Structure formats: structure tokens, C-alpha cells
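Welcome! Please take a moment to look over the sequence and the model before reading on.

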Amino acid sequence: MTLTTARARSGRRFGGGSGGRPDGVTGGRAGPPADRGAWLLVLPALIPILLLSVGPLLYGIALAFTDSQAGRTAPTRWTGLLNFRDLLHDTLFWESFRIGLLWAVGVTVPQFLLALGLALLLNQDLRLRWLARALAIVPWAMPEVVVGIMWRLVYHPDAGMLNETIRDVGLGDGRDWLTGLGSALPAVIVVGVWAGLPQTTVALLAGLQNTPHELHEAAAMDGAGAWRRFRAVTWPALRPVALAITALNFIWNFNAFALVYVLTNGGPGGRTRLPMLFAYEEAFRYGQFGYAAAMGCVMVAVVSVFLAFHLVARLRGGEDG
Amino acid sequence: MRSRTGPVGRAGQYLALLGYLVFLAFPFLWLVSTAFKPARELGSLHPTWLPRHPTLDNFRQAFDEQPLLRAGLNSLLAAVSAALIAVLVATPLAYAIARRKGRLATAATGWVVVSQAFPFVLVVIPLFLVLKDLHLIDSLAGLVLVYVVWALPFALWMLIGYVRAVPRELEEAAAVDGAGRLRTLVSVTAPLLAPGLVATWLFAFITAWNEFFFALVLLKTPQKQTLPVVLTHFLGAEGAADLGPLAAAAFLATLPSLAVFAVIQRRITGGMLAGAVKS
């Protein structure tokens, strides 16, 4: 059974910490850790989180308001909103921002639609289902760097199988997918979809298996067709999972780095230069720490919208199922 | 039983499934095939699906060209220790959250969600500066610290689930029998939690084994770099890559994560779903 943890928690649900919930009753039982003990349990994780995650994040945001640079001898100064004003006029950044949005939408939407179809498919009694599950491991577990390398081999103009297949079928000579100005972004998007498809599929599948059987059967008895059953029974139950996964996928894709770094390194002519690639170059090639941090802040701002989305989906998930 | 699909629908379903399987498997099979092809076949304008004269030359050459062994050891060391520390640190917190409700859980939830979202560049610049001041840049120790925090959110989610799966009643029964809190934890809770701890450790191991961005930024000396970073050296300037050794090295780098993932995939799914939706 896939849902070890989900099943484990279905018995006693976690109400987002709202103290007024009836499950507050459990606090009256002999729950193991007392208050003082609880802090001892929390500290080992809290210290590294504060020092290495929350701290750097705040420091990073602060850096966005400075002129911090690599290897500079003069002290770093506060420059207020200067970095952001410069960003506003940085056409290259906005271009990469646009590409980042295109890429994130271009990956997330097809990924979701394909994954939804596949999850519905794999929820049926099909014979090769085990193979699909077994193979799903491949893109999911692979290092992103290897995924990038692998697809470079597939896309290779001469030695790649894609062009050879195109030549065999007689559709022409094929092309240099990753260096063509028009084809690079779509080619990279296909890889992005491939890389995240199993994860999304499996999540949706797990969500499907949580939807009540009986409702399906009742609807089928009442003579509801497949589409009606999907609309009336499957989708409402799946919605929280679907929204949460999609919001997360969008965020992850917008912040993507390794895959595209290996595939094209932002080329050709910046056509696949995602915001993270841009910020990375700005920081670690040109040493503009403050400016790159400002880019990071702008990215956070965009992503927060989806984060809010995700949080809402999460809370709903907590209430519905 | 649930679906009443006709034969045509069934055929369509199998066709779709087949398409999915091909889409999933094809790039990987191509990688493996390329890894075993001799240079002559790779230079040919008409590649074949399978190597006609399979060879191990590419593997030998890969080890000659880049310090793969060293990089593999670095990756192993970083991943093993980061995973260990992450589990050690996350388990008490997961236990506290799973057994109690309230503000702590809300804060942890918030942090887990937010930590999924921030672009790493915003974290890596300050980390770079701080680690540099501490002379921990270009060291595996520094990288391990980063990986610990990086693996924590998801490890925490998985562990909370596993702790919840241990019935509270068992702990209470032990307490009634006169066992102290520590004894209860050690002799009742820990054994039941063990498979979950292992799964979480394996998951954290893979995350660290596969990680690229932090390693790229924080490690400069070739002898200290991890496997994913060293793999990119095969790409050369302007992508003028030596395809055979590149494929061979990439294939080797995948094997550990594939093996580990095969073991824990099902468990991760549950954790992911729980982490993504429930709070």
C-alpha cells in the first residue's frame, strides 16, 4: 500500500494547530513529552534550521539592499532600493523572467494534464501497471544533471536517436534541437515535463486511491458515464491534491536550475536563460552578490502568490480529507 | 470491476500505457546504449538502437578523464553523513510535533511549506559569504551542513507520518506497566519506528547524492567536488562532449539512487502526498 503516512494520519488528523479543535482533548492524556522535554526535542532541529536556513534567507534579503560584491575590499554599503531600481531597467532580467514564466507554465500545465490522464489510467486494472510504476522510478530518482546529460544524448544532432528516427521516417534531416533559437525552449520544456511526470502522476494516483470507492460504484449504478463520474465524484475528491501539487510544481519549475544548466546553460542567445541561471551568473561569475540577491527577492515575490495558493489548498485538504 | 470499459476502450488504454512506457524508458535506454558503444559507432551518422560491438572502453576512459572515483567517494561521504545528521535531528522534532499539537506544529508546517518555495540563490549567496568567513567554503563539511537543512523539511514530513503510525496506546500501555519515558521510547517506540527511520535516511541520502546547485557553488577544488559537479566537466566547453565517456559516467552516477529509490519509492509517495496536502 502506498499511503503509509497518509493512512497513518487519517485516524487522527492534524488541524493546522488550531487549539480550539476537539482533538485538543488528546492533550489531556498522558502524552509523553512535558513542556520542558518538548524543547529538548525541538532544539536539535531548530538550531540548524535557524542558522542555516532562516538566517541565510533573511541575510539574503538584506543583501538585496546593499552593494555587496565578491572580492571587494571596500566595506559593503546599504544602497536602499538601488538594486531594485536597476533591476527594473534590466531588460535582460525581464527577458529571463518572461522565459522563466513560459518555462514554468510550459512544464507545469502539460505535466499536470498528462499526469492526470495517466493516474486515471493506472487506477484501472491494467496488466502492465506494475511496469509503469517500476519505470516511474527512473526520472524520479535520477540526478537532474544526469537527466540533462541523457537528453543531450537524445537530442544530439548526429548521434542522437531523435534525429535518426526523424531521418528514418523521412521527415527531413532533423535539427540541432538545443542550439536552435526557436527549438531550444520547447526542447528543454519536454525534458522538464519528462523529469517531473512520474512524481506528479504518483501523487495524483495516491489521491485517487483516497477517493471513496462506494461513491464511484453508486454513481456507476445510477448510470453516470465516465465523464460525469469524473466531474461529480473523482475531481472533487482529487482537487486539493491536484491544486497543491500544481502549485508546488510551478514553484519548483520557476526556481529550476540544474536541468537547464546542463542542457543549454541558458543558450542559445539567452533563449533558455531561466531566472535562476541569470542570478547564478550574476552572483558567481560577475560577483554581484547584492544585485543577484535582489533578483532572488523578486523571484520570491512571484512565487509567493503560488505559495499562498498552495497554503489554501493545503488547509482545504486538511478540512476535506 | 470498477470500470466497465469496452474492448475498444481497453485497447485505447493499453495504447496510452504503452506510449507512457516508451516515453519513460526511451531516454534511459538510449543513455545505457550510448554508454556501451565504441567510439566508432558513436561517430557514425546513423546511430543504431543497440551497440553492435558493445564495449567497456567508455567506462575506462571516463575514469581516466575525470576523478570519478574521488567524486563518487565525496558524494557518498556527503550524502551518508548529511542523511544521518538530518534523521538524527529531525526525529525528535517529528516526535514532538506528532504527539502534541499547537503552535510548534504550525510554525514547523509554515517553515516546511515556505522552504519549498524560496529560490536557492537567495540562500546560497549568504551561505557562501558565511562559510567563506568560517573557512568552510570548498569543504565537504560545509556542504554537509547545507544538505542537512536542505533535506530536513521532507524528512520531517515523512517522520511525522511514521511517528503517528505508532499507536499512542502502546506507549501508554508501557507507561502503565511502569516503564519510564525513556524506556518506553527506546523499547517500544524506536523498534516500531525503525523502518520509517531507514526510509527517511535513504530519502535524505538520495536528495544529497543528486544535489547539484549548492555543490557547484560551494566546491571549487576538483578533488573535493561531488559526482554531479564532476559529471558536468565531461560536457566540455560549448558542449563539445565526448559522448561515450559522458554517457558511461552519467549511467554510473544514477545506479545508487535508482537502487535506493526502488526500495523506498512507495514510502515516499505517502510522505509526499501527506506533505503536499495535509497539514
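This is a predicted model: local features need pLDDT of at least 70, side-chain atom pairs count only at pLDDT 80 or more; totals for chains, interfaces and linings use all residues.

Let us begin with the chains. Chain B has 12 helices and 0 strands. With a radius of gyration of 23 Å, chain B lies well over the 19 Å that the globule rule gives for 279 residues, and is therefore more spread out than a compact globule. Its C-alpha trace spans about 75 × 70 × 35 Å along the principal axes of chain B.

Here are some overall values for the two chains.

| Chain | Residues | Buried residues |
|---|---|---|
| Chain A | 321 residues | 54% |
| Chain B | 279 residues | 58% |

For chain B the accessible surface is about 11,500 Å², and carbon and sulfur atoms account for 70% of it.

What about contacts along the sequence? In chain A, counting contacts with a separation of 6 or more, 66% come from residues 24 or more positions apart. In chain B, 71% of the contacts between residues at least 6 apart in sequence join residues at least 24 apart.

Now to the rings. Over all chains, the structure contains 39 aromatic pairs. One of them joins Phe120(B) and Phe214(B), a tilted pair with 5.3 Å from centre to centre and 50° between the planes. Because Phe120(B) belongs to helix H6 (residues 120–133) of chain B and Phe214(B) to helix H10 (residues 213–218) of chain B, this pair ties together parts that are 94 residues apart in sequence. Phe214(B) also pairs with Phe213(B): the ring centres are 6.0 Å apart and the planes meet at 55°, so this pair is tilted.

Phe214(B) counts as buried at 2% relative accessibility, and Phe213(B) is buried with a relative accessible area of 4%.

These rings belong to a cluster linked by ring pairs, whose members include Phe120(B), Phe213(B) and Phe214(B) as well as Phe257(A), Tyr261(A) and Tyr280(A). Trp150(B) and Tyr147(B) are also among the members of the cluster.

A last stop is in chain A, where the charged end of Arg175(A) sits over the ring of Trp177(A), 5.4 Å from the ring centre.

Conventions: Residues are numbered from 1 along each chain as its sequence is written. Chains are lettered from A and ligands numbered from 1 in the order in which they are written. Side-chain values use heavy atoms; hydrogens and water are left out. Rings of Phe, Tyr and Trp (its six-membered ring) pair if their centres lie within 6.5 Å; planes under 30 degrees apart count as stacked, over 60 as edge-to-face and the rest as tilted. Helices (H or I, at least four residues) and strands (E, at least two) are DSSP runs, numbered from the N terminus. Buried means under 20% relative accessible area, exposed over 50%, partly exposed in between (1.4 Å probe, protein chains only). A charge sits over a ring if NZ of Lys or CZ of Arg is within 6 Å of the ring centre and within 35 degrees of the ring normal. Contact means heavy atoms within 4.5 Å. The radius of gyration is taken over C-alpha atoms; the globule rule is 2.2 Å times the number of residues to the power 0.38. Accessible areas come from the Shrake-Rupley method with a 1.4 Å probe; for residues, only the protein chains shown count as cover.
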